[in-house]
4 protein chains.
Amino acid sequence: MSAFGITEARETLQKVFAPWIVALGLEPVGFDAAGADFLLPENPSLVHIGGVICGQATASAADTCAVVALAALNGRFRICTTVDLTTHFIRPLKPGPVEIRVDVLSNGKRMAYTRVEMRAKGEAKVAVTATSAFAYLED
Amino acid sequence: MSAFGITEARETLQKVFAPWIVALGLEPVGFDAAGADFLLPENPSLVHIGGVICGQATASAADTCAVVALAALNGRFRICTTVDLTTHFIRPLKPGPVEIRVDVLSNGKRMAYTRVEMRAKGEAKVAVTATSAFAYLED
Amino acid sequence: MSAFGITEARETLQKVFAPWIVALGLEPVGFDAAGADFLLPENPSLVHIGGVICGQATASAADTCAVVALAALNGRFRICTTVDLTTHFIRPLKPGPVEIRVDVLSNGKRMAYTRVEMRAKGEAKVAVTATSAFAYLED
Amino acid sequence: MSAFGITEARETLQKVFAPWIVALGLEPVGFDAAGADFLLPENPSLVHIGGVICGQATASAADTCAVVALAALNGRFRICTTVDLTTHFIRPLKPGPVEIRVDVLSNGKRMAYTRVEMRAKGEAKVAVTATSAFAYLED
């Protein structure tokens, strides 16, 4: 494993992503051999007319956290492109913090696959799930 | 068809979506029986370290424009939930305006399906494509 | 929970699906509150020129097993339609039996969501994952 | 462009795919610079209890036809793996021949993206759409 921890994840979140994504305020929570945990803090600017957190924010957070989880597993950020981002919106998320779990399903020389699950903080039931393939553009 | 045009689309974009999505500044361009056209204006806050428009922004724009295109087809905003948002990132989008085409593949009583394609303004080649199912929560 | 077990699952697999799907020979292995387990037996007619089990077979098995897992949870087969089937092919599956796990992520009045994972029998690493939404066409 | 036509496509369909896929009897209809057309002939063994063509068959046909369309564009079959197959089932397909259109959205050195649309023969409305990414495993 790597020396890539909370500090490095925060730096990556600040440096790699667009300012519009940095504004999500994603917080790295922990890293392990299988993936990583993050928190999407409560943020009124993510809530739509229906009074729930917009799916665009959770889909965007899924992609972002998956990239950071891969960086942690690799010990550094390897330039990659998201091949696809497939998000299923299963249950509404009321305003409040969202727990994000990334599982890295595979991490190869050229490709990686991730799954992300999101739950309202403290809830057992999954609200959003996203599966992605990534292609590494450099070694 | 409906009397839902540019003015109503702008109102919908302001009222229905989260402030974080309103910040994308999506512009309705036109509506027809098959779908709708939008523009994602150039926006430096959407550009990541690789110097291209972040995929999170295009995926988010796809979902947003699809909802507005359905509203236009229905003549009003019907409350709906995105069942899934599947985005494929085919080519990088350099900073600049992005043309967005929504085709409504079906629009029923309970479900609707949309496809979104994005191209750098003036380019023929598709950069991003997204397919979604929506479930209407009211008639 | 229901009295829907191995016997009922075998009957469902024989009666509900197309003969081309019945030919997969899918075997129900067990049911629990979260989902179900199945086995795709070794079958040379599913192997393509690359010497691995074709992705079309695993995608087809994923959809099929998800429908049976929902039937088990509901205690009977409720007519439903697959809204989307999103399959990621992560690792090749050499010829041989494939273990299939279905987790039902939600099961509502109108919609259900499932996730399917497949592994070569006895292997820990996931080879195929599929996420789907289903719409019930009757109560 | 290539000399890869109907004859070569038929050979590829017979040689590359698993016997279970060959049994679909997919017929190449034509090739052009943007993609290819195929026909899935009427086949009672693909019809499920609901009296419509099973989604597993159309998803499987989508993947198969996409691979052949890429082979045609490349002038030969390049070994590739399907990264993801995302299929949306929009309308039921009554028993009968199905027209399949493959559009190759991009075809690069390492990756290709395709979109497949299916319609009941002679119908304008799309019944099934599938988007995929492919990774080439050789040059």
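Here are some notes on how the chains of this predicted model meet and how a few parts of them are built.

1. **The A–B contact.** Let's start with the contact between chains A and B. Here 31 residues of chain A are in contact with 31 residues of chain B. On the chain A side, the elements giving two or more residues are helix H2 (19–22), helix H3 (55–74) and strand E3 (80–89). E3(A) makes the largest contribution to that side, with nine residues.

2. **What that side is made of.** If you sort the residues of chain A that touch chain B by class, you get 16 nonpolar, 12 polar and three charged.

3. **A strand pairing across the two chains.** Which way do E3(A) and strand E3 of chain B run relative to each other, parallel or antiparallel? They run antiparallel, and five bridges join them. E3(B) covers residues 80–89 of its chain. To find the pairing on screen, look for A:Leu85, whose bridge partner in E3(B) is B:Thr87.

4. **How A and B are related.**

5. **The D–B contact.** Now for chains D and B. In this case 12 residues of chain D are in contact with 12 residues of chain B. Four strands of chain D each supply at least two residues of the side that touches chain B: E3 (80–89), E4 (98–107), E5 (111–120) and E6 (128–136). E6(D) gives the most, three residues. By class, that side of chain D divides into five nonpolar, five polar and two charged residues.

6. **How D and B are related.**

7. **The nonpolar core.** Which residues have the most contacts inside the largest nonpolar core? They are A:Cys65, B:Cys65, C:Cys65 and D:Cys65, and the core itself has 204 residues. Take D:Cys65 as a worked case: leaving out residues up to four places away in sequence, D:Cys65 touches D:Leu26, D:Ala36, D:Phe38, D:Ile100, D:Val102 and D:Val116.

8. **Helix H1 of chain A.** This helix spans residues 6–15, and its buried residues are A:Ala9, A:Thr12 and A:Leu13. Viewed down the axis of H1(A), the buried residues fall within an arc of 100°, so they line one face of the helix. As a reminder, an α-helix has 3.6 residues a turn, so residues three or four places apart point the same way. The buried residues of H1(A) pack against H2, strand E1 (27–32) and H3 of chain A. Over on the other side of H1(A), you'll find A:Thr7, A:Gln14 and A:Lys15 exposed.

9. **A:Leu39.** This leucine sits in strand E2 (residues 35–40) of chain A. Is A:Leu39 buried or partly exposed? A:Leu39 counts as partly exposed because it has 17 C-beta neighbours inside 10 Å, while a buried residue needs 20 or more. A:Leu39 is 13 residues from A:Leu26 in sequence, and their C-alpha atoms are 5.8 Å apart in space. Setting aside neighbours within four places in sequence, A:Leu39 is in contact with A:Glu27, A:Val29, A:Pro97, A:Glu99 and A:Ile100.

10. **Strands within chain B.** Strands E1 (residues 27–32) and E2 (residues 35–40) of chain B run antiparallel and are joined by five bridges. A hairpin of two residues connects E1(B) to E2(B), and B:Gly30 stands opposite B:Asp37 in E2(B). E2(B) also pairs with strand E4 (residues 98–107) of chain B, in the antiparallel sense and over six bridges. In that pairing, B:Gly35 stands opposite B:Asp103 in E4(B).

Technical notes
Residues are numbered from 1 along each chain as its sequence is written. Chains are lettered from A and ligands numbered from 1 in the order in which they are written. This is a predicted model: local features need pLDDT of at least 70, side-chain atom pairs count only at pLDDT 80 or more; totals for chains, interfaces and linings use all residues. Two residues are in contact if their C-beta atoms, placed from the backbone, lie within 7 Å. Ala, Val, Leu, Ile, Met, Phe, Trp, Tyr, Cys and Pro count as nonpolar, Asp, Glu, Lys and Arg as charged, and the others, Gly among them, as polar. Two strands pair if DSSP finds at least two bridges between them. A nonpolar core is a set of buried Ala, Val, Leu, Ile, Met, Phe, Trp, Tyr and Cys residues joined through C-beta atoms within 7 Å. A residue is buried if 20 or more other C-beta atoms lie within 10 Å of its own, exposed if 12 or fewer, and partly exposed in between; C-beta atoms are placed from the backbone. The arc is that of the directions from the helix axis to the C-beta atoms.
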